[in-house]
Amino acid sequence: MTVALSLVLFSIPILILGGTLSAILYRHDRAARITGCVAGFLGTAVGLSGALLGLIDGVEETVASVWRLPVGTVSVGLDPLTSFFLFCIFLVCGLGVVYAIGYLKHLPGRARVAPALAFFNLLVVSMAVVVLARDAILFLLAWEAMSLSSFFLVTFDASQESTRRAGIFYLIACHVGLVPLVLLFVLLGDPAGSFGFQAIRAATAPGGGLATAAFLLALLGFGIKAGFWPVHVWLPEAHPAAPSHVSAVMSGVMIKLGIYGLLRTLTLLGTPLEWWGFVLIAIGIVSGVGGVLHALAQHDLKRLLAYSSVENIGIIALGMGLGIVGRANGNSTIAFLGFGGALLHVLNHGLFKGLLFQGAGSVMHATGTRDLDSLGGLMKRMPVTGAAFLTGSAAISGLPPLNGFVGELLIYVGAFLGVVELPSASGLWTLAIVPALALIGGLAAACFVKAFGVVFLGEPRTPAAAAAHEVDMSMRIAMVAGAALCIAIGVAPQVALRLIEGPGALLAGSALLPPVVTEVLSAVTRASLALICLVALAASVRFLLLRRREVRRAATWGCGYEAPTPRMQYTSASFADQVLAPAETIFEHHIEAGGLNGYFPRTAHHHERLGDMAADRVMEPAMGLLVSAFGRLGFLQQGGVSRYLVWVLLTVVVLLVWQLGAF
Amino acid sequence: MFDVLMHLAWLILLPLPMLGLVTVVKSWIAGRRGPPLLQPFHDVVKLLRKGAVYSRTTTWVFAAGPVVALSSTVLAGLIVPMGSPSSPFGFSADVIVFAYLLGLGRFFTMTAALDTGSAFEGMGASREGAFAALAEPALFLALMILCVPAGGMSFGEAFAVLPASHGLLRSPGLLLAALALGVVLLAETSRIPVDDPNTHLELTMIHEVMVLDHGGPDLAFIQIGYALKLFVLGSVIVHLVLPIPADSWTGPAAFLAGQAGIAVAVGIIESVMARLRLSRVPQFLIGACVVAAVGVLVLFTGGRP
């Protein structure tokens with residue numbers, strides 16, 4: 001066994017032991033917190049070093065277990081794709097643990113720390129095993145462990161009814177998503193005679209009907225986890241309910257395991273068919289634009305971030321679609337640009353979305369609310385959190401010189417090459433990526449200007465916001481580290497290229513790194529450095545000009561009005577209104593209003609919520625159809641035990657006849 | 001070396017007079033004499049010599065707005081060729097970087113506006129965000145039309161190929177791209193019919209209202225950046241419309257004439273049109289996206305290399 005794999009495997013007992021100890025110390029909050037966090041930090045650090053080593057050395061190995069399950073041996077392995085995802089998992093979770101040290105210190109109410117840490121460590125382990133697994137059985141077991149441990153984290157604050165509802169919603173969504181995955185592996189494993197990935201890869205003919213069926217099942221099952229539109233409906237419910245260090249990990253890496261699953265399935269299926277790529281591009285466009293529009297409409301900071309995850313998953317889907325189109329056409333440059341851009345965006349989104357969720361957690365910590373319109377003016381009260389959140393906001397909007405730009409740039413270049421080099425039909429599809437990505441970028445910028453501006457700038461809108469204070473050291477360290485990584489990848493993307501080189505080549509099916517990638521990335525470095533120099537130059541010119549001059553402080557200009565109140569500021573809803581106006585028809589307005597009765601009405605209320613288009617227009621009717629279809633089976637359910645026994649008997653007879661008839 | 005110096009000289013000397021030319025054209029059409037061509041230059045110098053007043057609500061984000069907006073536009077200006085097919089800072093995929101640099105400047109202008117806590121500025125930022133997002137696909141589609149014949153995503157490659165093989169009149173795709181870019185220019189630089197730079201009512205402004213609280217050197221930075229943006233976007237259109245040869249004399253001359261033509265065109269549009277109602281602006285911008293998309297389709301059916 002290589003050192004890399006041993007290190008990664010060694011991190012598992014550390015995390016599990018630490019989590020168990022923390023659970024044993026249930027009654028002693030401080031002790032539980034310290035053991036849980038220290039073990040979490042150690043475990044992720046060891047795992048991270050292993051993953052990094054595996055990436056640098058390009059380790060490829062598989063280790064089978066000595067013990068056997070009833071269905072065969074269990075095996076784990078390392079290859080560049082696994083190492084890359086392990087790197088993302090351990091990095092984002094490590095930052096999450098650092099953040100949790102301070103975050104869990106002051107929990108609201110009588111909540112206990114231990115479950116938040118024990119299940120967190122379990123979640124990290126199960127995610128690591130998902131990507132390590134080399135056979136379907138272990139994969140599905142770890143997948144289920146991941147769903148369950150995150151379910152307990154989502155329902156951590158179970159005293160609130162909304163949290164319990166979100167938890168149940170999440171649990172159901174996870175298990176609905178599991179059904180296509182079980183089908184997928186049964187379908188693939190049956191002809192292969194084994195559930196090992198190696199055997200499946202050898203037995204599956206590329207491009208056949210089996211491969212297509214497998215791809216569609218994987219798209220559905222993994223798509224639910226990843227949050228593709230329209231099966232993302234669980235995501236904006238579950239992610240905001242979880243504690244913030246967990247939301248950061250769920251949005252940052254857990255949903256990316258859906259992407260991992262899809263990519264892993266692709267490696268099992270050989271050369272993909274071109275139309276799979278078209279499907280992913282279409283999904284990417286809809287998820288991206290739909291996600292960001294819904295994000296703009298939100299007034300809850302964490303819900304906004306959850307919807308923006310749907311948008312970013314859309315960008316990743318665009319990259320994957322491009323990669324598949326390139327691969328199917330035998331153009332490894334386009335394939336690398338697509339898959340590489342998608343992978344880079346997986347890492348980048350993990351970093352900035354983790355950072356932003358942590359920022360949201362800090363805001364909640366300091367003010368007790370995540371309602372955008374109750375906040376404001378936090379930049380002065382929480383300067384470090386504010387600066388980190390601003391960095392994350394600019395990064396998620398895909399602006400240079402930050403990391404979000406780099407991944408999108410690779411996808412842009414790939415899409416352009418698709419137009420130039422591929423046949424017209426494929427070229428039109430890759431062309432569609434360009435305006436879509438541009439629109440998503442523009443809307444994301446508006447969305448995050450709103451999120452950052454309404455929360456951190458202006459005057460505080462409530463006393464709670466005015467009384468806010470900067471958060472603990474550990475939380476600040478985690479956020480600043482995240483922001484620093486965002487800048488580092490933006491300025492020196494060659495470092496990140498080293499990380500995606502291996503898995504990108506694996507997916508693109510060619511070991512050669514296309515020269516255009518290094519060329520573009522070194523250009524990014526030059527542009528980023530030039531930009532930073534120019535900003536420094538302009539800032540010093542401004543400083544020198546103002547140094548000897550009179551600089552005064554006064555009220556904000558309000559057409560001569562000198563006594564504005566914070567309530568006169570533009571709110572989140574008013575900011576979003578202008579942007580959403582052209583997209584008015586896709587939203588369903590849920591309005592609750594009343595109280596304006598009689599000649600002299602006293603109190604009135606108006607509550608307006610923009611519904612989720614997918615939930616209102618797609619999922620709800622679909623569920624209605626299902627319910628009415630199942631209603632037809634109601635005649636089976638009459639409550640008499642004897643009748644049920646008859647059904648059981650009949651079923652057994654039918655099965656026997658079917659099986660015996662087959663022989 | 002000479003090319004680089006000339007590029008820098010133009011970047012420093014020409015944007016503000018170009019803005020002046022727009023005003024002069026508008027005045028002529030209205031039957032007035034108008035301010036001197038160098039009036040914007042005098043304004044900026046005056047602002048640079050002033051102190052500043054900051055709102056008590058603001059933080060460093062407010063001060064960062066003009067600084068980032070100006071420097072990102074300067075970098076965009078270094079990327080776009082001016083009068084010769086190459087630029088001092090061109091690289092592969094610089095077209096995308098160019099578009100995103102404009103986005104960066106906008107992002108920081110919008111955050112600086114929200115930093116004042118004023119409803120007016122929030123309004124301006126919200127409108128800017130909405131309209132910019134809609135203009136973005138048009139910009140990218142037009143840039144694609146520009147780049148596909150050259151097979152490379154940099155202005156240098158695109159402009160080197162254009163005059164030789166794809167004259168504007170021979171390729172309707174390019175004509176549509178120029179049209180879309182023209183709309184993007186009007187939207188990005190907040191000119192009529194999207195926004196009126198001369199309005200005095202805060203409620204109807206877009207760009208002006210976002211920078212309402214800036215004064216002194218900050219406002220000077222904003223004015224310079226604004227003029228630069230007009231100049232830079234103008235030079236993309238000029239290169240697209242005029243076949244600019246890689247010659248050391250005719251190229252720059254054609255370029256200057258083209259830029260002057262754009263200033264005159266902006267002035268004429270501004271004199272003969274009223275601004276659109278705010279709710280109409282998205283339709284105007286989506287129209288530009290459609291025009292650019294049709295241009296792409298034309299490219300696909302006829303003009304693919």
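Helices are DSSP runs of H or I with at least four residues, numbered from the N terminus, and in this predicted model one of them, helix H5 of chain A, covers residues 136-154 and contains Ser147(A).

**Ser147 of chain A**
- Ser147(A) counts as buried because it has 20 C-beta neighbours inside 10 Å.
- Ser147(A) and Ser510(A) are separated by 363 residues in sequence, and their C-alpha atoms lie 34 Å apart in space.

**Contact between chains A and B**
- Chain A contributes 67 residues to the contact and chain B contributes 64 residues.
- Several elements of chain A each supply at least two residues to the side that touches chain B, among them helix H16 (383-396), helix H22 (515-547) and strand S3 (551-554), while H18(A) gives the most, with 15 residues.
- By class, that side of chain A is made up of 46 nonpolar, twelve polar and nine charged residues.
- S3(A) pairs in the parallel sense with strand S1 of chain B (residues 52-55) over four bridges, and within S1(B) the bridge partner of Ala554(A) is Ser55(B).

**Fold of chain B**
- Chain B holds twelve helices and one strand, which follow the pattern α-α-α-β-α-α-α-α-α-α-α-α-α along the sequence.
- The radius of gyration of chain B is 19 Å, close to the 19 Å that the globule rule gives for 305 residues, so chain B is as compact as a globular protein of that length.
- The C-alpha trace of chain B spans about 60 × 45 × 40 Å along its principal axes, and 62% of its 305 residues count as buried.
- Of the contacts in chain B between residues at least 6 apart in sequence, 78% join residues at least 24 apart.

Technical notes
Residues numbered from 1 in each chain as written. Chains lettered and ligands numbered in written order. Predicted model: local features only at pLDDT ≥ 70, side-chain atom pairs only at ≥ 80, totals over all residues. Contact = placed C-beta atoms within 7 Å. Nonpolar A, V, L, I, M, F, W, Y, C, P; charged D, E, K, R; others polar. Pairing = 2+ DSSP bridges. Buried ≥ 20, exposed ≤ 12 C-beta atoms within 10 Å, placed from the backbone. Rg over C-alpha atoms; globule rule 2.2 N^0.38 Å.
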